[in-house]
Amino acid sequence: MLGFDLDSQALALARETLAPYGKRVILVQASYLSLLETMQHLGWDAVDGIVIDLGVSSMQLDTPERGFSFNHDAPLDMRFNRELD
């Protein structure tokens, strides 16, 4: 399985959850737009299926410091990858 997410916190949770699957899971901090480039880098020439979740998560909405919600008294940030400007 190849998984993409811009959110390092979401990737950390995914790594923990998917740890039992070992090397069968590859997680990349990048946009799904880099799918073809990442597949080339891995030497993959095809996939069996694709599942895409393009939504914002409740974790992001419920964490005021993330800046995704108008319901909390915090600055709006709304970046999935907080390491990028």
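Pro 64 counts as partly exposed, at 29% relative accessibility; here buried means under 20% relative accessible area, exposed over 50%, and partly exposed in between, with a 1.4 Å probe and protein chains only. Pro 64 sits in the segment after H3. Bear in mind that this is a predicted model, in which local features need pLDDT of at least 70 and side-chain atom pairs count only at pLDDT 80 or more, while totals for chains, interfaces and linings use all residues. Residues are numbered from 1 along each chain as its sequence is written, and side-chain values use heavy atoms, with hydrogens and water left out.

Now for the overall layout. The protein has three helices and two strands, and along the sequence they follow the pattern β-α-β-α-α. These elements are DSSP runs numbered from the N terminus: helices (H or I) have at least four residues and strands (E) at least two. Of the 85 residues in the protein, 20% are buried.

Strand E1 pairs with strand E2 (residues 26–29) in the parallel sense, over four bridges; strands pair if DSSP finds at least two bridges between them. Within this pairing, Asp 5 stands opposite Gln 29 in E2. Together, E1, H1 and E2 make a right-handed β-α-β unit. Right-handed means that, with the strands pointing away from the viewer, the path from the first strand over the helix to the second runs clockwise.

The loop between strand E1 (2–5) and helix H1 (8–18) holds Asp 7. With 2% relative accessibility, Asp 7 counts as buried. Its side chain reaches the backbone nitrogen of Gln 9 at 2.8 Å. For reference, a polar contact is a pair of N or O atoms within 3.5 Å; within protein, one must be able to donate a hydrogen and the other to accept it, and residues adjacent in sequence count only if both atoms are side-chain atoms.

Next, the largest pocket, whose volume is about 990 Å³. A pocket is an open set of points on a 1 Å grid over the protein atoms alone, where a 1.4 Å probe fits, with protein on both sides within 12 Å along at least five of seven lines; lining residues have an atom within 4 Å of a point. Grid points are joined across faces, edges and corners, and the volume is the space filled by probe spheres set on the points. E1 gives the most, with four residues.

Finally, some pairs that are separated along the chain. Val 47 belongs to the loop between helix H2 (35–42) and H3 and is partly exposed, with a relative accessible area of 38%. Glu 83 is found in the segment after H3 and is exposed, at 54%.

| Pair | Separation in sequence | C-alpha to C-alpha distance |
|---|---|---|
| Val 47 and Leu 2 | 45 residues | 9.6 Å |
| Glu 83 and Leu 6 | 77 residues | 9.5 Å |
| Pro 64 and Leu 76 | twelve residues | 9.0 Å |
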